[in-house]
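I opened these notes to keep track of what I looked up, starting with confidence, then the contact between the chains, and then a few details within single chains.

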Number of protein chains: 2
Amino acid sequence: MKSIVIVGGGFGGLAAAKTLAKKSRNTKISVIDAKNHHLFQPLLYQVATAGLSPADIAVPIRSVLNTKSNAIDVTMEYVDKIDAKAQTLTLRNGQSLSYDVLLLACGSTHSYFGHPEWEEFAPGLKTLEQATEIRRRILEAFEKAESSKDENERRELLTFAIVGGGPTGVELAGAIAEISRKTLSKDFTRIDPSNTRIVLIEAGSRILAAFSEKLSKHATRDLERMGVSIWSSTRVTNISDKGVHMGDEFLRSKTVIWAAGVQPSPICRQFPNALDSLGRLKVDNFLRVQGYVNIFAIGDMAHFLDSTIGILPGLAPVAMQQGRHAARNIIAMLAQNPLIPFQYNDKGKMATIGRRTAVSEFRGFEWSGPLAWYGWLVIHIYYLIGFRTKIFVLLQWFSSYFFFKRGARLITGKEWKIFS
Amino acid sequence: MKSIVIVGGGFGGLAAAKTLAKKSRNTKISVIDAKNHHLFQPLLYQVATAGLSPADIAVPIRSVLNTKSNAIDVTMEYVDKIDAKAQTLTLRNGQSLSYDVLLLACGSTHSYFGHPEWEEFAPGLKTLEQATEIRRRILEAFEKAESSKDENERRELLTFAIVGGGPTGVELAGAIAEISRKTLSKDFTRIDPSNTRIVLIEAGSRILAAFSEKLSKHATRDLERMGVSIWSSTRVTNISDKGVHMGDEFLRSKTVIWAAGVQPSPICRQFPNALDSLGRLKVDNFLRVQGYVNIFAIGDMAHFLDSTIGILPGLAPVAMQQGRHAARNIIAMLAQNPLIPFQYNDKGKMATIGRRTAVSEFRGFEWSGPLAWYGWLVIHIYYLIGFRTKIFVLLQWFSSYFFFKRGARLITGKEWKIFS
């Protein structure tokens with residue numbers, strides 16, 4: 001019996017595992033992930049801004065894969081080392097695992113461009129832990145501003161700086177504007193949350209650079225209307241507990257969020273000969289890591305050159321299509337049938353800005369405003385994994401849409417102990 | 001304008017604040033709590049066992065109190081000192097606050113009977129942070145058992161010890177039995193979660209000592225049927241990372257939960273002359289702290305002697321009735337009207353054991369089994385604060401009732417940073 005090991009339970013890894021479970025015969029399939037849950041990352045910003053609970057956008061990998069008793073082996077552990085010659089993985093718990101075919105789908109993490117010390121003052125948004133940390137910081141800033149008697153302190157507490165004007169930065173800025181202008185405004189007696197300053201800092205000349213100039217302008221206008229200041233062509237040079245330095249400019253802010261860049265999973269470095277300049281693994285037309293016949297890589301960590309689009313971007317549809325395709329190629333390989341080149345079916349892209357406004361792009365067509373927002377809603381609900389989760393998220397959204405309420409406004413700390 | 005300060009946003013404090021907001025004229029009402037949220041503690045065990053999300057049982061104190069724009073001042077901070085002579089409170093942020101009338105409603109915390117060092121190995125269940133920590137430990141134990149190759153290690157990972165056979169201990173034991181026998185059993189391929197050992201350790205001669213012997217027997221039988229071993233008359237002498245010592249007996253367990261005792265809030269020690277032997281504040285018939293005319297204490301931290309029941313127990317109905325009554329007495333006091341003695345209207349008590357089984361007692365009547373469970377359900381839904389929360393919890397329960405699913409099976413860590 002051949003052993004297929006998938007590392008990573010994100011969009012790509014799960015799609016591959018499901019396809020393999022359905023179509024492969026006489027194979028042992030294992031999925032390894034450091035977390036016990038699959039995370040619907042496109043909605044993580046909603047957890048960070050108290051719109052959804054962690055459990056609304058995450059499902060245990062085990063229960064996703066075992067609905068039809070597929071007998072997929074799921075292990076919650078880090079992968080420390082890959083020995084391609086011996087065809088084995090070493091896990092952090094010391095165990096090793098041998099494979100006949102390896103599929104890497106480990107995604108990416110945020111990058112501080114050589115300044116990891118900024119993380120403490122400007123959390124990134126890639127995990128549930130980070131999302132609840134950001135939520136804690138945002139809500140606590142309002143609480144502290146409410147009890148502060150010092151005008152300057154209050155001002156820096158009510159200044160939110162978001163670094164990076166990609167979809168995550170735009171979504172965060174829009175959501176913070178919304179909660180401060182609508183949700184929180186009734187709850188505070190001494191401060192006026194609508195005086196909140198929200199600054200979106202982007203190094204490039206415009207936000208949402210992956211979209212057309214027209215959509216980028218739409219997003220800019222919508223955000224500004226909601227009270228977000230957009231500082232484009234502005235490069236961050238330092239971040240401290242006081243705020244953000246941009247050359248000789250300085251913005252005092254107690255809450256800085258990092259949405260400015262990603263880097264592929266460090267596991268890529270196990271294959272030094274296949275790395276591109278950003279640290280991703282170059283893969284061939286069949287999604288195999290350059291130089292290896294039985295190791296596939298997909299999603300954010302893979303550098304795949306599409307003849308029309310160029311290098312495919314780090315989007316969920318890319319990862320899912322590649323996952324399914326890699327699974328089919330693995331089955332073909334084990335059956336000694338010819339492999340099939342991967343062809344990306346462009347699903348477009350979208351970013352939401354706020355209540356009833358978004359931008360989207362699909363094969364040359366562009367939308368902005370309410371229509372794009374409803375499209376965004378339908379697609380995200382559709383893709384949310386698991387029946388229960390869909391219904392719950394839909395209900396939460398209904399309630400926040402109609403009542404301007406945010407259901408998950410909890411400040412919870414890291415420390416659970418009360419003694420010493 | 002007279003200033004009324006309420007310390008604590010639990011059942012008692014909120015009931016008092018609402019009554020004061022509705023009925024007092026020309027007063028400034030302030031509520032101080034270390035947390036930003038009111039917690040529906042009777043359902044905290046459901047968060048610890050992955051049935052509900054933190055946001056399902058918690059609401060921001062601000063939004064509970066400001067629905068009718070009562071202009072109640074809410075501050076999120078610890079109270080460090082009370083100066084009864086000067087009529088001021090000192091907050092941890094250094095600010096001080098003066099009051100004309102003070103209402104203490106700070107509740108209780110768990111107690112390790114002089115062994116705070118046990119907390120690390122046996123978390124208690126009083127806060128959301130503790131509930132998610134317990135959830136993490138329970139779910140991680142199953143994950144680790146799945147990847148362990150050592151039979152002994154697996155056994156100690158699949159042994160859950162709950163110390164304390166009161167309602168919390170019983171509810172936790174029942175819920176762990178349920179998730180291991182039903183929810184998780186399909187998800188694991190290498191271990192059989194239904195081999196889980198769940199041991200409920202009680203120092204007294206029977207569990208649920210506050211209930212009648214008959215109901216206690218019912219609960220024992222139901223729990224045993226679900227696979228819980230009940231070790232009564234067993235005193236814990238030490239807890240370590242290896243397990244629980246009970247005299248010369250020793251139970252190897254990686255997951256120990258503490259549900260064995262509570263102590264009143266440390267703020268009671270500010271009034272050394274009013275303490276009872278358990279550290280609670282003795283209050284008079286009007287709920288005023290012994291020796292003070294303008295300081296009231298209610299709920300778990302108050303020692304109130306009822307002529308028929310004795311010292312009132314730490315239950316939500318007691319706290320809520322006392323909160324409303326203290327508010328009315330405060331209003332009477334400020335209007336120089338006579339105060340009215342507090343009279344407890346017994347609402348009975350209940351404890352749930354598992355799916356469709358519970359025990360309850362009300363004015364001499366006793367129920368057990370499904371009827372008690374449905375009663376429990378109706379009452380808990382009814383008392384859950386806030387419209388949204390009720391609907392969501394009801395839906396989550398429907399879904400876990402019909403599908404044996406647990407929606408919040410997330411293992412999240414304490415650390416959000418990924419660098420250094």
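**Confidence.** Since this is a predicted model, I began with the scores, and found that chain A averages a pLDDT of 90, with 94% of the residues scoring at least 70. For the complex, the predictor gives an ipTM of 0.83 and a pTM of 0.88.

**Extent of the interface.** The size of an interface is often given as the accessible area lost when the parts come together. On the residue level, I noted that the contact takes 61 residues from chain A and 61 residues from chain B.

Side chains of opposite charge can pair when their charged atoms come close. How many salt bridges does the rule find across the interface of chain B and chain A? I noted six, and I took one of them down in detail: B:Arg62 meets A:Glu146 through their side chains, at 3.8 Å from N to O.

**What chain B brings.** I then asked which elements give two or more residues to the side of chain B that touches chain A; the entry reads β4 (58-60), α3 (61-65), β5 (73-76), β10 (108-110), α4 (128-147) and α10 (387-403) of chain B. The largest share, nine residues, comes from α4(B). Sorted by class, this side of chain B has 21 nonpolar, 20 polar and 20 charged residues.

**Salt bridges overall.** Searching the whole structure, I found 38 salt bridges over all chains. Among them is the pair of A:Lys35 and A:Glu129, whose closest N and O atoms are 3.1 Å apart. This pair links distant parts of the chain, 94 residues apart, with A:Lys35 in the loop between β2 (27-33) and β3 (37-39) of chain A and A:Glu129 in helix α4 (residues 128-147) of chain A.

**A sheet in chain B.** Lastly, I looked at an open sheet of three strands in chain B, which has the order β14-β15-β16 and antiparallel pairing. Its edge strands are β14 (238-239) and β16 (249-252) of chain B, each pairing on one side only. I noted that four bridges join strand β15 (residues 243-246) of chain B to β16(B), and that B:Met246 has B:Glu249 as its bridge partner in β16(B).

How values were computed. Residues are numbered from 1 along each chain as its sequence is written. Chains are lettered from A and ligands numbered from 1 in the order in which they are written. This is a predicted model: local features need pLDDT of at least 70, side-chain atom pairs count only at pLDDT 80 or more; totals for chains, interfaces and linings use all residues. Side-chain values use heavy atoms; hydrogens and water are left out. Contact means heavy atoms within 4.5 Å. A salt bridge is a side-chain nitrogen of Lys or Arg within 4 Å of a carboxyl oxygen of Asp or Glu. Ala, Val, Leu, Ile, Met, Phe, Trp, Tyr, Cys and Pro count as nonpolar, Asp, Glu, Lys and Arg as charged, and the others, Gly among them, as polar. pLDDT is the predictor's confidence in each residue, from 0 to 100. Two strands pair if DSSP finds at least two bridges between them.
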